[in-house]
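Trainee: I have just opened this structure for the first time. Could you show me how to read it, one feature at a time?

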Amino acid sequence: MTQDEFSLIRQWTSRSSGQHGDGLSVGIGDDAAVFSLSPGMEVVACCDAMVETVHFLRETMNPSDIGYKAVMSNISDVAAMGGLPRFALISVAVSPGWSADDCQQIYEGIYDACEAYGVRVIGGDTVSSPAALTLSVTLLGEVEKGRALRRSAARPGQLVFVTGQVGGSAAGLDLLLRSAKKGEAVAEEWRPLAWFHQRPQAQVAAGRILAASPWAGALNDVSDGLASELSEIAEASGVRLVIDERSIPVANITRAYAIETDQDPLGWALYGGEDYQLVGTLEAAEVKEAELRFAEKGIPFTVIGRVEAGEPSVWMDREQGRMKIAKAGYNHFGGAEAGKG
Ligand SMILES: Nc1ncnc2c1ncn2[C@@H]1O[C@H](COP(=O)(O)OP(=O)(O)OP(=O)(O)O)[C@@H](O)[C@H]1O
Ligand SMILES: Cc1ncc(C[n+]2csc(CCOP(=O)(O)O)c2C)c(N)n1
Ligand SMILES: [Mg+2]
Ligand SMILES: [Mg+2]
Ligand SMILES: [Mg+2]
């Protein structure tokens with residue numbers, strides 16, 4: 001870095017300059033930001049970090065992808081509460097090897113994600129780090145008082161659904177790592193898989209449909225893999241979830257890549273993670289209404305199973321019979337078998 005901290009911050013956050021109004025009374029440039037929410041709303045707050053070598057490598061993500069995805073994973077957590085994302089605080093720890101221009105690119109990605117979802121960057125922190133660039137985002141959103149959607153609201157008799165498609169991000173990571181190993185660019189035909197990994201899109205509109213409905217149950221977002229997220233719902237709600245293997249939505253290109261590389265797309269869907277789709281439950285009697293609401297917004301919506309009374313657990317019906325799904329998936333301290341590679 002050739003510039004000082006303060007001029008760097010000004011440069012990186014230039015897309016925030018001149019912002020005020022819409023609830024924001026003090027933005028970047030003071031000791032803290034000051035804002036207010038819309039009347040009748042309560043705050044939804046979350047934070048998620050991304051660490052070099054754990055969440056990304058130079059080979060798997062461009063700097064702008066890193067910024068974009070750090071914001072998107074947080075917007076996804078707000079979506080998983082049924083909330084509307086509003087404001088972001090960005091903390092960046094820059095290690096040697098990352099230039100001012102790399103950081104500028106990270107911020108371009110941050111602002112691209114924020115602008116696509118109506119989020120304002122209102123502050124953050126900038127520090128140096130001896131190793132591993134780390135980006136931590138705090139997202140503040142809002143939801144109508146009492147309407148937040150919890151993991152604990154699944155009830156026997158409800159159906160289990162997922163938005164979009166799952167397993168694509170893990171397939172993309174596999175593709176990116178294989179290409180990097182060979183020292184080659186990603187083949188044109190598989191490029192969409194890389195985008196699933198680098199540029200996921202949080203399902204805010206889906207969360208908002210659910211928060212407004214009287215038929216929504218539990219909700220979670222897919223960061224660690226379907227198996228892990230479903231297990232969290234089962235545990236928090238004290239119910240058994242039974243999933244039908246054939247109904248899990250996996251994109252055609254993900255299936256084709258699995259065949260080409262002789263891998264299991266179901267493994268990516270269950271244990272891969274980082275798809276940032278929403279998975280949840282809803283009243284069975286209202287499934288037609290739900291399908292209509294999602295179709296109106298062009299959001300893919302698939303019923304994948306049902307909620308039953310029983311020991312908190314997740315089961316999957318397959319051709320070979322019913323099997324129990326372990327709470328495996330990405331786990332930061334979970335050892336090799338827990339989906340870390
Ligand atoms: N270090 C921490 N201190 C306090 N609370 C934490 C900490 N880490 C996680 N939590 C809280 O634990 C709960 C679960 O967090 P977790 O990170 O598992 O969920 P998530 O963010 O949806 O998943 P992911 O991080 O895989 O995207 C959240 O309420 C979160 O705020
Ligand atoms: C180089 C590289 N290796 C592995 C992965 C996979 N990965 C890392 S963190 C995570 C779960 C979500 O993170 P968190 O739980 O912190 O929100 C997953 C699936 C990756 N993205 N890049
Ligand atoms: Mg988290
Ligand atoms: Mg989450
Ligand atoms: Mg996680």
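Mentor: Gladly! Let us begin with database annotations: UniProt positions are given here in the numbering used for this structure, feature names are shortened, and annotations may be inferred rather than shown by experiment. This is a predicted model, in which local features need pLDDT of at least 70 and side-chain atom pairs count only at pLDDT 80 or more, while totals for chains, interfaces and linings use all residues. Residues are numbered from 1 along each chain as its sequence is written, and chains are lettered from A and ligands numbered from 1 in the order in which they are written.

Trainee: Which residues does UniProt list for "binding site"?

Mentor: The unreviewed entry lists Asp31, Asp77 and Asp221. They span 191 residues in sequence and the farthest two C-alpha atoms are 32.8 Å apart, so they do not all gather at one spot.

Trainee: Is aspartate 77 buried or exposed?

Mentor: The general idea is to count neighbours: a residue is buried if 20 or more other C-beta atoms lie within 10 Å of its own, exposed if 12 or fewer, and partly exposed in between, with C-beta atoms placed from the backbone. Aspartate 77 has 23 such neighbours, so it counts as buried. Aspartate 221 is buried too, with 24.

Trainee: Where do aspartate 77 and aspartate 221 lie?

Mentor: Helices (H or I, at least four residues) and strands (E, at least two) are DSSP runs, numbered from the N terminus. Aspartate 77 lies in helix α2, and aspartate 221 in strand β8, residues 216–221.

Trainee: What is aspartate 77 in contact with?

Mentor: Two residues are in contact if their C-beta atoms, placed from the backbone, lie within 7 Å. Leaving aside neighbours within four places in sequence, aspartate 77 is in contact with Cys46, Asp48, Leu139 and Asp221. For aspartate 221, the corresponding list includes Asp77, Ser76 and Tyr276.

Trainee: Which residues are around ligand 1?

Mentor: A residue is near a molecule if its C-beta atom, placed from the backbone, lies within 6 Å of it. Around ligand 1 these are Asp48, Ser73, Asp77, Ser223 and Asp224. Ligand 2 is surrounded by 13 residues, the closest being Leu57, Ser223, Gly273, Glu274 and Tyr330.

Trainee: How is the protein divided into domains?

Mentor: Domain bounds come from an automatic or database domain assignment. Here that gives domain 1 (5–144) and domain 2 (159–338), with 26 Å between their centres, taken over C-alpha atoms. Across the boundary, 20 residues of domain 1 are in contact with 21 residues of domain 2. Helix α2 gives the most to the domain 1 side, with nine residues. The shell around ligand 2 also draws at least three residues from each domain.

Trainee: How many residues does the largest nonpolar core have?

Mentor: In soluble globular proteins, nonpolar side chains tend to be buried together. A nonpolar core is a set of buried Ala, Val, Leu, Ile, Met, Phe, Trp, Tyr and Cys residues joined through C-beta atoms within 7 Å. The largest one here has 91 residues, and those with the most contacts inside it include Val71, Ile75 and Leu241. Helix α2 (residues 63–79) supplies the largest share, eight residues.

Trainee: Which residues does alanine 202 touch?

Mentor: Not counting residues up to four places away in sequence, alanine 202 touches Met72, Ile75, Ser76, Ala79 and Tyr276. Alanine 202 is found in the loop between α5 (191–198) and α6 (204–212).
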